Every structure is written in C-alpha cells, then in structure tokens.
Amino acid sequence: MRPGKTIVTIMKNKLTLILLTIWVLPAFAQKDYTKEVEALLSKMTLEEKIGQMTLYTSGWDVTGPTLNENYKADIRAGRCGNIFNAHTAKYNRDLQRIAVEETRLKIPLLFGYDVIHGHKTIYPIPLAEACSWDLELIEKSARLSAREAAASGLHWTFNPMVDIARDPRWGRIAEGTGEDPFLGALMGAAKVRGYQGTDLSDPYTLMACVKHFAAYGAAQAGRDYHTVDMSERELRQTYLPPYKAAIDAGAASVMTSFNEYDGVPATGSKFLMDKVLRQEWGFDGIIVTDYGSVAEMIPHGFAVNGKHAGELAANATVDMDMQSGVFQNNLKQSVEEGKVSMKTIDDAVRRVLLKKFELGLFDDPYRYSNEEREKQEVFSDEMMQHARDAGRKSIVLLKNEPFNGQKLLPLAKTTRNIALIGPLTEAPEDILGSWHASGDASKAVTLLSALQQAVPGAKIFHAQGCSTESDDRSGFEAALNAARQADVVIMAVGENYRQNGEAASRSDIGLPGAQQALLEEIYKLGKPVVVVVMAGRPLTIGWMDENIPAIVNAWHLGTMAGPAITDVLFGDYNPSGKLVITFPRNVGQIPIFYSMKNTGRPFNANDKYTSKYLDVANTPLYPFGYGLSYTSFKYSDLKVSKPVIGFGEKLQVEVTVKNTGDRAGEEVVQLYTRDLVGSVTRPVKELKGFQKINLKPGESEKVTFTLTSDDLRFYTQAMEYKAEPGDFKVFVGGSSADVLEVGFELK
Ligand code: BGC
C-alpha cells in the first residue's frame, strides 16, 4: 500500500492511528493477507494447489520449444493458475473470465510477460540504456513500461535481467547492464523501483522478476545455456550483488537460470535458492523457473525423469514451473510417495496466492485489463518523448577525429548532400532490439526518416548496400553511387535484432555479412564517413577504429532510435554515454574486463615472460567507462580528506572537473579503488561511485565522493565479507583507463 493512501483512509477514524501509520510504514509496505491466504489454502485440493504452481504460455508468443495446446482447458480445470505470453486488455480479460467464473475456487490468473525494455513503446536495449549511467532515467523507463503493460492486462514482468556478463559472444549481454557488479546492482534496484512503485496493487505497476538466478551470464565460451563454473568467492563477489540489490529493493519474484553452477542446474539448486536466496537473503517471494528448465534437468544429467526433476525443483524451494508441465503431471505422485512434503507444496502456494492478493487480483481480477486506459497509454506522447531522450543518452561516441582539419561531428545542418548507406538505415524491427516482445515496428522511426526530418533541406542518397546476414555484394554499386554524390556519408551497420539476444551467441563478433567489405569500399572513395554502429553487443571494430574518423555506437535504441541518433549526429544533443562493457580488439582477448587481476607477471613489453599475447595488446579497443563528448573535460586536484582512515570512518574524495571545450556537456565522473594487498588478490580497479554532472563551457565543479571501509569489503580468504587493513588507491576520471590517482590507508 502507498503510505499516503493508508493515511487518508484512516484519517476519517482516528488521529492516533494516523501518526502510527506515518511512523511505522516503510517505503514499500503491503497489507497483511495471511488470513485470506490461509483461508483459501484450507479449501484447496492438492491438484488445485499444483495448478497454482503451474505457469503456461498462451498460444500467443512462444520463447521456447514446448507449447501446451490445452491451456484453456487447464485453466478451467484449476490445473493452471498462471499464464504468460498473453497480453492486451481484451485477450487477458477473456482468459481471466475462465478462471474467475468457471473454476471451483475462482482464483484469478496471474499474467506474466517479458516486458524487458518497453511494452509497445520500446526503449533502448538494457545494455544501451545502462551506458547513460542515469539511474533516474532507467527507473523512468521501467515505470513507463509498467504503465503501458499494466493497462494491457499484465501483472508481472520477467525483468530486470541483472546477469553480469563479461563475454560479448553471449547474445544475451544485450539484456543486462554489462560487466560491473556495482553498476549492475544500482541499475537492477532502479528497475525494480520503476516497475513496482510502492504498491503492488497499484494498477499502473507490474510485479518485477529478478533473473536469471544465478550467474547465467557466465556461460562458458559465451555459448548460451552453457555450463557455468566458478569459485563461490567469484560468484558472491561479482555475480550475486545485482540480484541481491534488486531483491533488497523489494522485487517480488525471482527466476531461476538455465545453466548449472558448480555441477548443479540452478533450477534444482538448494544452495542457490534455499541457502542463499531464502535463508541468507530472507527472500519470501515467488521463485519461478525459466522456460522448461525443470524438465531440462534431465538432459543436464541431474534428474532421471520428469518426476525426479519436479522433486528436485520443489525441494529446492521453486514455487512455479514455467512451461515444462512437470509439476502439473508429477507432483501429486511425488507428494503421495512422500518425496515432496505437503508443507513444501503449501509454502509454495502461499507465496503465489499472497502475491495475487497483494496485486489486488482478488479485489478486482480485471483491474489491469482496461481497454480505455490501454488506448490512452500505448504510444502516449510522454512515452515517445522518453524513448527519444533515453535513446540519445544511451549513445556512446567512440571516435571523433578531424577530417580535412575539422572534427567530423557534429554535422552541420546546412550539409546539402548526404549519403545514407547500410542495412540498418531503414530497419524498423531491428532498431527495436532483440527482446522487443510486443513492440510495434510500424511505429519505429528509422534513421532514414529521422534524417529526412532533421535536415529537410538536404538531398539524401539512400542505399542499403547489403544485408546484415548474407555475403551478397550486388547492392554495393548502388551504395557507391550514392556515396559519390554526397558531401558526407553516414553508414549504419551492425547486427539485426536476431543476431543477439537469447540463443544468439556468436563466435565472431565482427560486422556480419558483407558489411565490412561494403564499409571498406565506401572508405576508398575518400569521402568523410561517419559510422553509426547498431548492435546488441560490443563488436570487434578494429579496422573501423583505425580508418574511420567518426564512430557512434548507437546499439538498438528502440522506437525513437532514428531521432535519438540524428539528435547526436547534428549536435542537438551532446553525447554523454559511457561504456558499461569493454570492447575487445578481437575475440581472442575475451574475457576482457576492466577489473582484472594484476597476476604475478604483469605486462612488460620488454620481458617475454609476462602476461600478454604475441599478436594483440592487452588493452581493449575501448575501455569500460569510456565515451566521448563534443566538448572536453579536464580533471585536476584529486585529494582525499585524510591519508589514513579507521574502520567505520568516512573518507572524502574530491576532484575538480572543468569543461574545457566550447559547448555545454554532461560527464560521468567515475571513482575506482584498488586494494593493494589482500588475503586474496584483488582487482586492479573496482568501480565504487559515479556522478553525472552538467557543465557549461569553461565551467568547473568540485565533485565530492564519500567512501567508508564498508565500500572496501570483499570475500576474504576465510570467506568473510569485510574490509582488510592496508594501503589503497583511489582513481577518479572519465573512463576506467584515464584517471588521476591518490593513495590512503585503512587502519
Ligand atoms: C528466457 C527468459 C524469459 C522466458 C519467458 C526464456 O527462454 O530465458 O528470460 O523470461 O523465456 O519468455
């Protein structure tokens, strides 16, 4: 319940209660439905209970191999209490009617869907949006997505996806916030706040689902669904913090992951779910499996058959089986045989029913299916404007060198002849990104149409040149002709939306198809070329970096991708995005991330026996935290408030940042630390803070951060989470690779 609401209702009755309510209610407080849940539970048969533990896809969208044709009959029989991949107010209202009018106990259905980066109006892919380093913006995208989706019959989004990913071969890197746990934790929590607000029953919010628990992003060799194996220290230090932060922010559900961890599939892992999630973190919301992952414990080689798999999942405290039908078909027998206790079943059903009460579904099962509201919300002006704003703030300017003595970007609006070339210049579905779910490509504004609007006086010579997939070069000539007539060439190249995302790992992350060849041909004409890279992952673009003067990394930015990009190209918005993922020089460097260890033989060019490659540098093409602006910033006077701090004491870190260019601009000021000696070795840099500031030309600002010993904690050799005394370095700068440094001691 929203505190405000409670206060108003009670005010009519008693003044003392008003004060109590103001004092006691935390930011996120729900009414206690224990009595209602217990009363309902006591009436349920075992089959009905198992029905509440079952989630099936409707016939609408499918994201996996199994489709249950009988889902309507299952709902009617009380054998299925939850549906996903069904949306629109009308469709869901009709399904809900079956549950609340035709079943014995009239328990409403819960409707889930992958509202990942927007519902109908699509915002930038999460990896892109994270490059804004703007928590308010990220929270707002989630809030607006919830508003749009909650009017279309949905209660529950399968997001945020907070899997740390350090291997860009893995296609699902697009869905997360990159490589860093500190940033991932803050962003995961912001999304939960955005989706859920402060009141699950608010018809403008969605219940969040933190996924994929756990460490799904660490798939070996970046191949989706592959094995994950790492030390428990690394799991806790690097991979778990974002899940934990999202749960602490109030996330009401968690999804298991497809991968195994330490030999045990996550969906059957007592360690991950019962020990870490339930006992250590006190999570009492719903645990749902990923798509069919209960049954997948059979090919994993962990379960003998479906019945065994169901027992492993239920006994590891899974509450809901997504799509494998294993609970539905086997759990009754497992209970009868004593393999799963009635208490285990009751606990799971309690958790599911409780969320249905908290969502307000027992008060009004149709409260999220409102066709009038749906019409007003979908593609509202506010959403479209936010999509544009989020888009431009997600763009990372990778390179901007002079061409004929002058920086190529921003382009002058007086440019007369512009060639627009490449397969992504007019690709409405691709710019929506890999998980655009029900996003409507007919509303997507492409780069071609945005360019026509941005520079109506210019002549645009447009040619796709090639596709993102095939090696066919038959379109090259038309593209070269277009380029020959232009004063400047804008090329939009990269990946289509199917080339990243789920089940879309790539072993070569260069430009796919004939795009590299097209780019090289165009380059030979000697024209000024700006490349706009649209992709769901970092691409290996070394040749481009060496030869092309201006590179704009525009990811997949959603419905308003086109205008967001032209805003940057023509200087209506000064780019401020900073990478949240390292760009490798080649695939052989992967995994490469900024917070690596030093090793016992750190790189030394003059010593063969140091840690390096013979054929490529150790450094990335573009480091974490990197991104250019049309202005420049100078960092100076980095100071700490004292050279030594004690445990529990505060250290102020201060730096001066000056805008030394000739336009206003935003800068993400980043703070990293290094623990020089530990009972276990520590990374060379760890992000511990950032601030996004806005400076006018010539303006300076003193930026202050506060660190405490708590910020320096890690899992020690004895697996205690604490800071150790010793010497530290603090680094502050505009990228992980360009920093000032100062030291201090923790005593
Ligand atoms: C994905 C999940 C998603 C689910 C439901 C699975 O294949 O891994 O992220 O939420 O499908 O669509």
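A residue is called buried when its relative accessible area is under 20%, exposed when that area is over 50%, and partly exposed in between, with a 1.4 Å probe and protein chains only. By that rule, 61% of the 747 residues of the protein chain count as buried. The model is a predicted one, in which local features need pLDDT of at least 70 and side-chain atom pairs count only at pLDDT 80 or more, while totals for chains, interfaces and linings use all residues. Residues are numbered from 1 along each chain as its sequence is written, and side-chain values use heavy atoms, with hydrogens and water left out.

The secondary structure of the protein chain comprises 21 helices and 28 strands, where helices (H or I, at least four residues) and strands (E, at least two) are DSSP runs numbered from the N terminus. With a radius of gyration of 27 Å, close to the 27 Å that the globule rule gives for 747 residues, the protein chain is therefore as compact as a globular protein of that length; the radius is taken over C-alpha atoms, and the rule is 2.2 Å times the number of residues to the power 0.38. Along the principal axes, the C-alpha atoms fill a box of roughly 80 × 65 × 60 Å.

An automatic or database domain assignment supplies the domain bounds, and it divides the protein chain into domain 1 (386–589) and domain 2 (633–746). Their centres, taken over C-alpha atoms, are separated by 34 Å. Seven residues of domain 1 are in contact with nine residues of domain 2, contact meaning heavy atoms within 4.5 Å.

A nonpolar core is a set of buried Ala, Val, Leu, Ile, Met, Phe, Trp, Tyr and Cys residues joined through side-chain atoms within 4.5 Å. The largest has 195 residues, and Ile83, Phe213 and Trp555 are among those with the most contacts inside it. This core draws at least three residues from each of domain 1 and domain 2. Apart from it lies another core, of 24 residues, which includes Leu638 and Phe744.

A disulfide is a pair of cysteine sulfur atoms within 2.5 Å, and a search of the whole structure finds zero of them. Two cysteines that are in no disulfide are set out below.
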